[in-house]
Every structure is written in structure tokens, then in C-alpha cells.
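Please give me a short briefing on this structure.

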Amino acid sequence: MFSLKPPKPTFKSYLLPQAEENIASEPRIKKLEPVLLPGEIVVNEVNFVRKCIATDTSQYDLWGKLVCTNFKISFITDDPMPLQKFHFKNLLLGEHDVPLTCIEQIVTVNDTKRKQKVLGPNQKLKFNPTELIIYCKDFRIVRFRFDEAGPESAKKVCLAIAHYSQPTDLQLLFAFEYVGEMYHNLAKVNGIDPGGGGGGIGSASAQQTPLFETYSDWDREIKRTGASEWRVCSVNEGYMISTCLPEYFVVPSSLADQDLKLYSYSFIGRRMPLWSWNHPNGSALVRMANIKDVLQQRRIDQRICNAITRSHPLRSDVYKSDLDKCLPNIQEIQAAHIKLKQLCVNEPFEETEEKWLSSLENTRWLEYIRSFLRHSAELVYMMECKHVSVVLQEEEGRDLSCVAASLIQVMLDPYFRTIVGFQSLIQKEWVMAGYQFLDRCNHLKRSDKESPLFLMFLDCVWQLLEQYPAAFEFSEVYLTLLHDSARISLFGTFLFNCPHQRVKESTEFAISKNIQLGGEKGLRFPCVWDWSLQFSSRDRLLFHNPLYVGKSAPCVHNGAMKSFKRSKKNYSSTLRGAPPALKNGIIGEQEFLPRRNSLILKLKPDLFQPAESPSHSREQFFRDWFAKPVDLHGLILPQLSATQIKLWKLCYFRWVPEAQISHGGSVAAFHRVSVLADEVDMLNRNLRHYKSNSSLQGHCTELDQSRMYFRASGFNDTSGAPDFLSSSFPFSPVGNLCRRSILGTPLSKFLSGAKIWLSTETLANED
């Protein structure tokens with residue numbers, strides 16, 4: 001008989017119940033996923049990728065996932081970044097992200113077969129890569145290893161990066177997908193409209209940057225500069241005359257619209273003369289393309305010059321400057337930039353250290369910087385001293401004239417040395433005047449048209465900022481991030497060759513995606529001047545220059561708010577920008593010694609030279625200006641001696657570990673001055689608290705919040721600089737430039753104990 005009872009279990013567990021609970025509650029492995037923007041999609045990815053932090057060791061390498069989207073390449077990891085003490089966060093990009101439009105070259109390597117290949121679009125890869133090296137336009141180098149990754153997956157992600165980083169059509173850039181998604185969802189990013197225009201640096205109520213897309217923006221600029229004999233012209237409304245000019249621009253009042261239409265056919269690109277700025281003495285700054293009609297050239301040129309002369313209150317003559325003959329061309333500037341990049345990035349630092357300065361000179365980059373500053377200063381002399389209008393003539397009037405016109409205005413008008421003013425200058429002289437950002441930044445990888453003119457301009461402005469730090473409201477961090485923003489394919493500011501191209505291409509895209517534009521002229525792209533899209537309000541404080549002396553600074557005296565204005569007798573802090581030999585308002589004799597490329601040269605006596613020749617008058621003007629204390633709210637002129645024109649280290653060296661100085665560089669002074677400025681603000685707040693009357697409370701509210709990134713812990717703050725400060729602050733070179741350790745360079749070995757200076761070859765043989 002069979003028993004109906006179930007058989008006894010024969011399995012016996014030897015695990016304690018508590019242990020079983022621990023196993024059951026073990027956390028799952030976190031899934032690594034990228035943070036995506038509206039319209040951004042993942043096109044390929046590969047796991048078990050190693051990001052290299054240094055070339056001489058792998059102990060600091062990070063493990064994670066490499067992702068390619070239609071906007072960026074993103075390395076996602078849970079591992080903390082080693083050796084990094086500070087990270088400046090961009091809200092659009094992760095710590096390890098690189099925008100596709102910032103990629104310059106993609107190199108794949110196979111160690112086993114000893115092969116490497118530079119990948120282009122739609123190319124095949126015949127070997128499985130074990131390494132991927134990304135060369136970026138901002139001088140970064142990012143390196144990944146695929147030792148543990150699937151070979152086919154590694155190959156696919158490399159090909160995807162090569163394909164999406166080199167689009168063949170403008171509408172394939174990510175900004176179109178982003179804006180299309182925003183219009184479909186009727187949403188906003190971070191509370192900002194996709195086309196919302198030029199937000200300020202601080203709060204939402206900050207002063208807006210004029211975009212010069214409307215009649216009223218140009219009319220306000222005319223009134224601001226007092227150009228009473230000039231008018232806003234709407235003859236190009238709808239881009240009926242020229243597709244590379246803005247719809248509205250300023251012309252002499254004496255020129256009728258019918259004359260402008262008639263003359264436009266004679267100019268290259270139909271680019272008629274454009275007014276840029278008016279000096280208080282009535283002199284005007286005008287940009288003009290060449291006249292292609294040889295038969296009509298003399299007659300039209302005379303008519304234009306007569307109209308400009310009639311617009312001057314003194315009816316002064318017009319001075320024409322042919323920029324194509326006076327300045328380096330775009331090909332020469334591009335060649336110099338390539339050599340500079342080769343020097344700063346590609347060549348091993350330890351092999352170039354002993355001849356680095358001569359190699360820098362051979363790039364000619366600083367020589368071209370000096371040329372732009374010198375020629376702009378000479379044209380400033382014509383407007384300031386000779387009271388004549390200046391016409392900048394160039395073949396198409398949209399490359400070299402952008403740089404020259406902008407520099408002239410920065411030197412002459414203190415408004416353009418403020419943050420909002422500088423942004424309006426770029427809008428007016430670059431974006432709306434038809435500078436070809438798409439071609440010159442090479443967003444579509446057409447290298448024959450690439451040239452870093454915008455970087456050249458920012459470098460020139462940095463030279464002036466370095467020489468006159470108290471005259472500029474913005475800092476070099478602001479200039480560097482502005483350069484970086486031109487490499488992000490999201491902002492319409494730096495995406496197109498002209499305003500018409502934005503309207504045409506975005507309208508076609510809107511039709512293809514069934515987007516209703518209503519009464520708008522094309523899609524509205526995000527504006528780069530809305531910095532809240534990229535950085536937090538705290539990080540945006542780094543844009544402010546703590547040395548800046550505003551037009552008038554509020555102060556409290558006996559409980560009453562007063563405005564301190566600088567007088568001719570009060571020059572104590574303006575001497576910072578003066579030549580080093582300046583004492584008691586008199587320049588030392590050594591400053592008159594002949595120097596190469598200097599504005600001030602001691603001229604040899606020439607009996608046959610007239611006493612009042614143009615060159616003598618110009619040199620005398622520069623001598624007189626440099627002999628006086630600097631007016632921070634007036635004209636500033638560049639110092640062009642070899643010791644005054646420097647390499648912009650923060651921009652070009654920030655990714656080079658060997659060039660990083662811990663607790664050194666300009667940021668050390670920036671930190672200390674910020675703390676001192678914050679102490680002054682604290683003192684003002686205390687004075688208002690105890691002495692101000694009730695009527696002043698509302699007036700002073702805006703000063704109650706600190707405007708400095710580095711703040712004082714109290715009065716007489718003696719605390720040292722933060723441990724994370726270095727010469728590359730706020731950027732970190734860790735993991736962005738893979739080279740051998742700094743301990744291998746001749747200079748570091750010498751400083752760490754070598755008794756004599758040894759050659760690179762001798763040190764290389766040491767072990």
C-alpha cells in the first residue's frame with residue numbers, strides 16, 4: 001500500500017536566514033544612461049569603455065559607457081574623476097561630454113595590427129579599433145580604449161561619431177531638431193523660450209542685449225551715439241536687395257532709398273555701405289564692400305563719400321582704409337592658428353620647451369594680433385584726433401572689417417566694454433553684419449573656408465583687458481566661454497552665415513516638420529546671450545571682473561547715498577593700465593627707445609621731413625596719450641611692445657597639465673581682489689544698516705547680494721586661496737589631454753633638484 005503522506009524534503013539549507021535576507025536585498029547594478037536634451041537621440045553606444053586620464057599610467061583610468069548622440073559624444077561613468085579638485089559645470093553638457101561641432105579630427109587605432117586611420121564621413125573601417133582619439137577644436141584631446149568592449153560595437157560607435165560629427169547639410173545640425181521639438185511641445189528649457197533673446201548675466205530682470213533684428217534697436221543705437229544725420233533704412237526688408245545684409249541698417253540721411261537700390265548692384269554681394277558707430281565729434285565709422293563695376297566705381301564712390309561727408313557736422317573728409325592691403329588675410333590667419341595648435345597640443349611639451357618661444361614666434365599668431373590692434377589704433381587716431389569719418393573697405397566687407405570695426409569701438413566707447421554692450425557689439429558687427437559663422441567655424445567640415453577670425457577678435461580684446469583690467473566689466477573667463485559657445489551647435493547666434501540663411505533654412509525645416517510659424521520669420525533658435533541655459537547663477541558670477549571701475553560707484557557719506565565720479569585729479573587707480581615707466585604723469589625716456597612693432601617710436605631727425613607730416617602727427621598723438629593717466633571711461637589704446645602682447649594662456653593652455661600652476665596664474669590675483677571687493681560690499685551694507693534713512697532702503701536693495709564668486713568670510717579675511725585654484729581655473733585639464741607626466745619635463749627635473757641645466761636628450765636617457 002502506498003502512503004498518501006507527502007515525502008519528507010531531503011534538501012537541507014545551511015545558510016542562515018539573515019544571510020538569505022542580505023542576498024535578497026543586494027542592490028541592483030545601476031544602469032548608465034545619458035542625460036538628453038529635447039530632440040536629442042542616442043544613435044550608438046558601447047559598454048566597458050576605458051577613458052584614459054594619463055598616457056604613462058592606467059591607474060587613474062575611468063570605466064563606463066561611450067555614447068554618441070545627434071548632439072554630442074558622452075562618456076558615462078559612476079567613477080569619480082581622479083586628481084580633479086574642481087569642476088565647472090555646463091548645464092547643457094556633462095563632465096565628459098564633447099559637442100559634435102567641437103570635434104576636429106577622429107583617429108582610430110588598432111594596437112595589434114599597428115594601424116591607425118583618420119575617419120571621415122561615410123568611410124569604412126577595415127579593422128576593429130582598440131583605441132579612439134578625439135581631437136577637439138578647443139585644443140582638447142580625449143582618448144578611449146576598447147580593450148574589454150565588443151569589437152563590432154566599438155567599430156560601430158566610432159563610425160557613428162565620424163558620421164554625425166561631419167554633417168553634409170545645415171539642417172542636420174542638432175539645433176534644428178532641438179528647436180523643432182520645442183515648437184512641437186510648446187515647451188521651454190529652464191524657463192526660457194527657445195528663441196528668447198539676450199538674457200543678461202544675472203537675474204531674469206537683468207538688462208537685455210539688443211539683437212538688432214528690428215528697426216527700433218538700430219534707432220536706439222543712433223540716438224545713443226548722437227548720429228543725428230543718419231537714418232535707419234528698411235530698403236532691404238524681406239531681404240529684397242541683399243541676402244547677406246540685415247533687413248534694417250543705418251545709412252546717411254542724404255541718401256534716398258531709390259539711390260541705394262540703384263547703387264547696390266555695383267557692390268560685391270550687393271553689400272551697400274553700413275554705418276557702425278558715431279564718435280561724439282561727429283565722425284562716423286562705416287563698412288563697405290568693394291565696387292565691382294569698374295566703369296561706375298569712381299562715380300559711385302564719390303557719391304557715397306559725399307553723403308558721408310554731409311553727415312558730419314564739420315563736413316570733414318572721409319578716410320578710406322583698404323583692409324585687404326593692411327591686414328593678414330583669412331588664409332594666413334588660419335595657417336597661424338594651425339601652427340599654434342600644433343605647438344600647444346600636438347607636439348610633446350618636453351621636446352619643445354627649450355625652443356618654445358621661438359616656435360611661438362614662428363606661428364605668427366601674436367604678430368597678427370599686433371597687426372589688428374595697431375591698425376585699429378591708427379584708425380582710432382583718425383577719428384579721435386583728425387575728426388574724419390573712416391570707411392573700412394574689404395572685398396566682401398564681412399571678415400576683416402568685423403574685427404577692425406569691433407576693436408575700434410571697444411577702444412573708443414566704454415559702453416562696449418560692459419557685458420551687455422559687448423554682446424550688443426557682437427550682434428551688430430558680426431551676427432547681423434553677415435559674418436559667416438557657419439563657414440569660418442567649419443560646422444560642416446568644409447576646411448577650405450575655415451578661419452578663426454572670431455577667436456582672433458576675442459584674443460585682441462583679451463590683450464586690452466590684460467593691459468587695462470579696470471576698464472572692462474567682463475573677465476577672461478567670460479571671453480573663453482564665449483569662444484567655447486561658438487562650438488556648441490545649439491545657439492542660432494553662431495550657427496549661420498547671415499540672418500537670411502537662418503530665415504530660409506529654418507522656414508524650409510519648419511515646412512518639412514509641419515511646424516506652424518504664424519507671423520514669425522523662421523524658427524527662433526536659442527540665443528547665446530541667455531547664459532542661464534548653460535550656467536547657474538552662481539557660476540555666472542565668474543563673468544564679472546572684480547577690478548572693473550564702473551561709470552559711477554555708489555557710496556555712503558553721513559548716511560546719504562552719493563555717486564562717486566572720477567575727476568581729472570583722481571587717477572589713483574587708473575594707473576594700472578598705464579606703461580610701467582609712468583611716474584607722476586610723465587613717461588620715462590626708456591619708453592621712447594625704438595621697439596619693433598611699437599606704436600611709440602623715437603623718430604630719427606629728418607631735415608627733409610615736414611614737421612607736421614601725418615606720421616609725425618600720429619606718433620605725437622600716441623606719445624601725448626600715453627603720457628597722461630588713463631581715463632577708464634574714455635579712449636584706451638593698446639601697448640604693442642614685445643613684452644605687452646602675450647599668449648592667452650587660459651584659452652590655449654587650460655587643457656595642458658604641464659602648463660598648470662597650482663595656486664598660481666592670474667586667478668590668484670582674481671581671487672584676492674574678489675575677496676577684497678566683497679569686503680567693501682559688506683562694509684557698505686553695514687553702513688547702510690546703521691546710517692541710512694528709510695528712503696534709501698529700496699534704493700540699496702540691489703547691493704545686498706554679493707556680486708563676487710569668491711566671497712570674504714568676514715572683515716580682514718586672511719584665509720588663503722582655495723585648494724582647487726590653479727592657472728587653468730575654472731577648467732580642469734585632468735582627462736582632457738593625455739600626455740606623459742609633468743615629472744618628465746626638463747624644467748620640472750631642474751626645479752626638483754638637478755644641479756645643472758641638462759638637454760632634453762640627456763634627461764631622456766636618465767632612468
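Predicted model: local features only at pLDDT ≥ 70, side-chain atom pairs only at ≥ 80, totals over all residues.

Residues are numbered from 1 along each chain as its sequence is written, and side-chain values use heavy atoms, without hydrogens or water.

**Second largest pocket**
- The second largest pocket holds about 1300 Å³ of space.
- Its lining has 46 residues, and Trp462, Glu466, Lys646, Leu647 and Lys649 lie nearest the centre.
- Elements that give two or more residues to this lining include α15 (453-467), α16 (476-485) and α20 (666-691).
- By class, 25 lining residues are nonpolar, ten are polar and eleven are charged.

**Helix α6 (294-310)**
- Helix α6 has 17 residues and reaches 25 Å from first C-alpha to last, close to the 24 Å expected at 1.5 Å a residue.
- Buried here (under 20% relative accessible area, 1.4 Å probe, protein chains only) are Ile300, Asp301, Ile304, Cys305, Ala307, Ile308 and Thr309.
- Among the elements covering the buried residues of α6 are β9 (230-233), β12 (284-289) and α5 (257-264).

**Helix α17 (499-512)**
- The 14 residues of α17 should span 20 Å at 1.5 Å a residue, and the end C-alpha atoms are 20 Å apart, which agrees.
- Buried residues of α17 include Pro499, Arg502, Val503, Ser506, Phe509 and Ala510.
- These buried residues pack against α3 (174-185), α13 (419-431) and α14 (437-440).

How values were computed:
1 Å grid on protein atoms, 1.4 Å probe; cavity = no way out; pocket = protein on both sides within 12 Å on 5 of 7 lines; lining within 4 Å. Points joined across faces, edges and corners; volume = space filled by probe spheres on them. Helix = DSSP H or I, 4+ residues; strand = E, 2+ residues; numbered from the N terminus. Nonpolar A, V, L, I, M, F, W, Y, C, P; charged D, E, K, R; others polar. Expected span 1.5 Å × (residues − 1). Buried < 20%, exposed > 50% of the residue type's maximum accessible area, 1.4 Å probe, protein only. Contact = heavy atoms within 4.5 Å.
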